[in-house]
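Take the chains one contact at a time. Begin with the interfaces, then turn to a strand pair and a helix.

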Amino acid sequence: MIQALAAQGTQMFLVLLLAPLLTGYVRRLKARLQRRRGPSVLQPYRDLLRLLRKEVVLPETSSWLFRAAPYAIFSTTWVAAALVPTFATELLFSWSGDLIAIIALLGTARFMQALAALDVGTSFGGIGSSREVMIASLAEPALTMLVFTIALIAGTTQLSEMAAALLSPTLGLRVSLALALIGFVIVAIAENARIPVDNPATHLELTMVHEAMVLEYSGRYLALIEFAAALKLLMYASLIACIFCPWGIATAGSGLAKYGIGMAAWAVKILAAGTALAVFETVIAKMRVFRVPDFLGIALMLGLLGTLLLFVSRSL
Amino acid sequence: MHGLAFDIAHMLAGALVLLSLMMLYQDRLYALINVLALHALVLAMSVAWQAWVHDAPHLYITAGIALVFKAIVIPMALRRMVFQLRIHREIERVVGSGLTMLAAIALVALSLEVMLPVTEGVDPVSREDIALALSVVLIGLLMMVTRHNAVSQVAGFMSLENGIVLAATGAQGMPLVVEISVAFSVLIAFIVIGIFLFRIRERFDTVDVEALDKFRGERR
Amino acid sequence: MTALVVVACIAALLLLALAAALGARASRATPLVYGSTAVICLVAFSAALLGDDGALMLPVGLPWLGAHVRVDRLAAVFLALIDLGGAGASLYAIGYGRHEHAPHRVLPFFPAFIAGMNLVVIADDAYTFLFAWELMSLASWALVMADHRSPDSRRAGIVYLIMATFSALTLLLALGLLAATHGSYAFADMRAGELPPWRAGLVLTLALIGAGSKAGLMPLHAWLPLAHPAAPSHVSALMSGVMTKVAIYAFIRIVFDLLGPANSTWWWAVPVLTTGGTAAVLGVLHALMEHDLKRLLAYSTIENVGIVFIGLGLALAFRANAMPGAAALALTAALFHAFNHMLFKSVLFFGAGSVLVATGERNIERLGGLIRVMPVSAGCVLTACMAASALPPLNGFASEWLTFQTILVSPALPQWGLRLLVPTVGTLLALAAALAAACFVRAYGIAWLGRPRSACVDGAHEADRFSLAAMAGFAALCVLAGLFPGVVIDALSPAVQMVVGGRLQPQLGLPWLSIVPIADRSSSYNALAIFVFVFCATGMGWAALHRLGSKAVRSARLWDCGYPDLGPVTEYTAASYSQPIRRVFGPLVFRSSESVVMPPPGDMSPARISKRMHDLAWEALYQPVCDAVLALAVFFDRFQFLTIRRYLSFVFLALVGLLLALTLWQ
């Protein structure tokens with residue numbers, strides 16, 4: 001009980017602390033891959049602090065929703081990130097939401113973000129918001145199918161149980177799991193507004209999705225939203241690590257040493273995920289908006305195929 | 001039978017279906033040919049694995065034929081042909097790739113639904129191979145139906161043939177003579193199609209088979 | 001006891017309707033009628049909630065049959081739903097009704113409508129059931145025709161009347177087939193009957209068509225987006241939120257209860273699941289393309305009915321395979337979602353009504369910025385929108401989460417067809433949920449947020465206090481049902497136990513008020529904990545920002561990437577908002593096409609974009625029937641202008657023909 005509470009508390013603040021670091025790492029690595037020097041990995045922290053100290057410029061046409069939305073986006077994303085097991089499966093509050101609930105919680109954040117983009121009544125806000133909901137409406141069915149596949153293998157949608165089930169040696173080789181991994185990565189890329197779906201560094205008006213939605217934000221509100229975006233990236237990386245490579249994660253009732261190992265393993269996994277993301281973003285070009293349905297369709301197809309193959313291997 | 005042997009067979013067969021699906025949405029011919037080569041490679045591995053599991057050495061020959069002919073010779077020939085036909089820069093517009101994919105998934109479901117109940121009592125590896133082989137055959141047919149470009153149709157035909165080979169190995173292999181003759185007939189079919197392609201190209205300046213429809217007066 | 005109270009309430013409502021018909025033009029009639037309706041509904045609601053099972057036999061109706069009424073657990077659940085919805089709508093109408101142009105066209109039919117719905121639920125024989133069904137349909141038809149001067153209402157009225165007749169006809173046939181075994185119209189006798197499989201299948205099909213067309217299942221939905229918006233807003237809320245649930249009740253009663261588990265086979269789930277999944281996705285896609293606020297909500301009703309039918313189909317599949325636990329989960333999810341939909345759809349229609357009163361406008365392209373003039377309504381409607389988009393921690397998510405959990409159990413089904421179908425339907429459900437979120441971001445963002453798009457918003461004002469009370473009450477219930485789903489699940493479980501013979505474990509006894517549908521290991525959800533966490537996280541974020549950050553706030557003009565502001569005309573419109581989704585799904589679902597006309601360089605005329613969309617259900621299913629009827633009418637029209645001699649000759653020929661037939665027969 002005490003241990004679980006400690007693990008939960010540690011994780012909650014650990015994700016908060018480390019989220020900008022992952023973003024900084026990916027940016028730095030991308031810069032190096034493009035033979036630029038690039039900013040320091042600590043730059044996101046500096047950016048957040050600077051934004052925090054700046055005054056807020058509120059558009060005249062904004063309403064209370066515009067001011068409330070950043071808090072809602074930040075807190076829902078943080079709670080979702082805190083519920084994904086990172087270094088230990090034994091979290092005190094892991095029962096309060098399963099994988100479906102965590103994904104839906106991110107949906108709440110996106111809902112508020114899309115509304116806030118419409119609140120000021122600009123055309124760019126509208127463009128970003130309408131593209132965002134289009135992408136989300138394609139990503140969500142794919143994600144559901146993938147969750148279904150994984151839940152079928154693990155027999156649960158509870159993340160801590162899932163990690164434990166996928167750690168067990170009886171699992172064997174599963175092609176469905178590999179398919180689900182590819183699909184999950186595709187969905188994660190789309191959800192986090194990364195290349196090739198969206199470009200986090202662009203400010204070219206007509207290609208923006210996420211950036212167009214936050215165009216009118218400034219000061220501490222922008223800091224909250226940027227922080228939430230970093231948290232979301234870390235959350236998806238931890239989620240993929242927790243489901244598809246749970247090795248090293250501390251399970252229930254393990255000693256302090258195991259927790260240390262879990263923490264180190266998590267750091268390695270996240271670094272690997274960040275590296276993979278940076279390399280992938282460097283070698284691939286951004287797609288046109290209307291190619292995105294095809295891209296996400298692949299994830300849906302992988303989910304369906306994974307389920308089918310699983311049925312086959314189960315029924316024999 | 002359950003355990004690692006089954007898992008690997010399952011993975012290879014699943015990969016074969018996945019590659020078949022991947023072929024459906026390739027819009028560049030070289031990419032398509034690469035996937036086709038990969039398809040044959042996975043087939044060869046799958047057959048070799050069957051040979052190992054069932055201790056049936058004659059299946060190694062099948063695997064060898066698949067590897068040499070389908071994974072190396074035919075893709076190389078196809079690439080050459082595409083280059084000579086000067087269509088290697090052409091991008092084929094794949095119409096409704098999303099729908100085609102969904103149809104393909106439905107076909108996989110259908111073949112499982114059909115094959116699994118009728119093969120009750122057969123050993124699981126073969127049973128699964130047969131079920132997935134049928135879906136590979138059906139997807140190959142689907143590809144031949146939905147594509148306009150004759151080269152893509154050839155690729156569809158080749159993947160269909162791979163499905164048949166998978167099914168045959170699932171049924172503990174055909175006699176070797178049949179096996180070799182099938183392989184050669186495919187090769188001959190390939191050559192015939194190749195010549196045919198050049199002829200179409202000479203006459204109509206394109207390898208889009210819709211041109212043939214026009215010529216026959218079926219489409220106005 | 002409950003049965004007696006409910007019958008008394010129905011009688012009171014009918015008397016009220018009569019009184020309203022006589023005194024509708026009196027000055028205080030509106031608050032009096034709606035106030036008394038609210039009170040009666042609350043009495044019936046508490047009776048259903050607290051009461052017991054019981055049957056009554058009333059000495060009215062057919063002389064040899066009488067009228068059987070019975071309140072069992074299933075009926076009690078739906079009574080509670082109807083009367084809660086009715087009470088809310090009445091409360092809202094106390095304020096809203098004052099803006100009615102012709103109160104005498106609404107007042108008498110409103111209590112009668114609620115009475116009819118109550119009577120359907122407690123009816124225990126086919127005759128009473130169909131009588132009540134017709135009472136409900138006719139009263140609601142009269143309410144749809146309240147604004148009979150507008151051609152839209154007239155068209156809605158006629159389509160609704162035809163479809164209502166059609167649905168009553170199919171239900172009549174279904175009940176007739178059930179009654180044929182014992183020759184008795186009492187439900188108790190029908191339950192005992194054993195039917196040959198083909199007849200049971202036919203009953204299922206007829207019930208699906210009859211109840212489905214009343215509930216708005218695609219493709220029998222054509223009347224719904226016409227009729228629901230045409231009625232006054234509180235009636236729209238009742239029709240969308242409550243009457244569709246009565247149709248769902250009819251389906252459950254006939255297929256689950258009267259047909260009984262002995263008659264059911266697994267393939268029954270297939271049509272229910274496929275129509276449910278299709279309705280869910282197509283309904284919300286239509287809603288996304290809609291510009292009329294109330295029609296948009298009506299299409300979203302179709303989506304939610306589809307979700308409920310997905311749950312019912314799953315329950316059928318599990319029940320046929322003797323898996324009562326899973327069937328109970330599916331049915332709980334369906335009933336819970338029906339209840340949730342009543343709550344949030346009522347708020348949404350109330351909100352639409354308030355917008356209509358404040359601005360006189362239903363087209364969202366002409367609204368905007370209402371959040372500043374109607375802040376309280378805006379908050380309530382936002383809550384309802386989030387509930388409708390299935391976002392945690394609100395109630396809509398709780399029920400959809402339960403449905404997903406049911407889908408995750410489906411691999412245990414023995415039939416291959418179902419095993420493959422159910423995940424596909426699950427994908428459709430997820431697609432519908434995601435599109436619903438898109439739809440409500442669009443509806444709320446365009447109508448309530450942004451800058452006013454036309455002058456009609458200028459004079460807008462907050463709704464009156466009765467309307468606000470109704471909206472706030474239901475919005476609060478949305479939040480409560482979302483935070484404490486265990487309470488609702490436990491309240492539903494006796495009905496579920498009665499229908500499928502299994503139930504979920506009692507949820508209220510579980511630690512921390514979590515809900516655990518199957519087992520601890522497989523999944524659990526605790527909205528309260530999540531809400532508290534989000535609340536605390538918000539508090540911490542806020543505190544940290546205000547301690548560490550700058551507090552300076554400056555109001556300034558829009559930045560908009562540095563473009564000079566051209567005013568509200570450059571705002572994103574509803575049509576452009578849904579354009580990406582239309583481009584992805586449109587060619588398939590609407591056979592939509594876009595064309596752009598660009599003037600040549602140097603020409604100053606504006607560029608034009610035009611879109612064409614088709615309502616495929618209407619064109620494929622309804623138009624041919626309309627054409628056939630018209631052709632027949634034209635054909636028979638010729639017989640109207642004949643000479644007397646010709647008419648006589650027809651009579652003569654008919655007579656001779658009949659005589660000939662008679663001789664040949666013998």
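Predicted model: local features only at pLDDT ≥ 70, side-chain atom pairs only at ≥ 80, totals over all residues.

Residues are numbered from 1 along each chain as its sequence is written, while chains are lettered from A and ligands numbered from 1 in the order in which they are written.

Start with chains C and A. Here 70 residues of chain C are in contact with 71 residues of chain A (C-beta atoms, placed from the backbone, within 7 Å). Elements giving two or more residues to this side of chain C include α17 (395–409), α18 (416–447) and α21 (527–548) (helices are DSSP runs of H or I, at least four residues; strands are E runs, at least two; both are numbered from the N terminus). The largest share, 14 residues, comes from α18(C).

β1 (residues 56–59) of chain A runs parallel to β3(C), over four bridges (pairing takes at least two DSSP bridges). A:V56 has C:V553 as its bridge partner.

Now α3 (residues 64–83) of chain A. Its 20 residues reach 29 Å from first C-alpha to last, close to the 28 Å expected (1.5 Å times one less than the number of residues). Of these 20 residues, 17 are buried, so α3(A) is largely enclosed by the rest of the structure (buried: 20 or more other C-beta atoms within 10 Å of the residue's own, all placed from the backbone).

Finally, chain B. It meets chain A through 23 residues, in contact with 16 of chain A. On that side of chain A, α11(A) gives the most, with 11 residues.

Methods. Contact = placed C-beta atoms within 7 Å. Buried ≥ 20, exposed ≤ 12 C-beta atoms within 10 Å, placed from the backbone.
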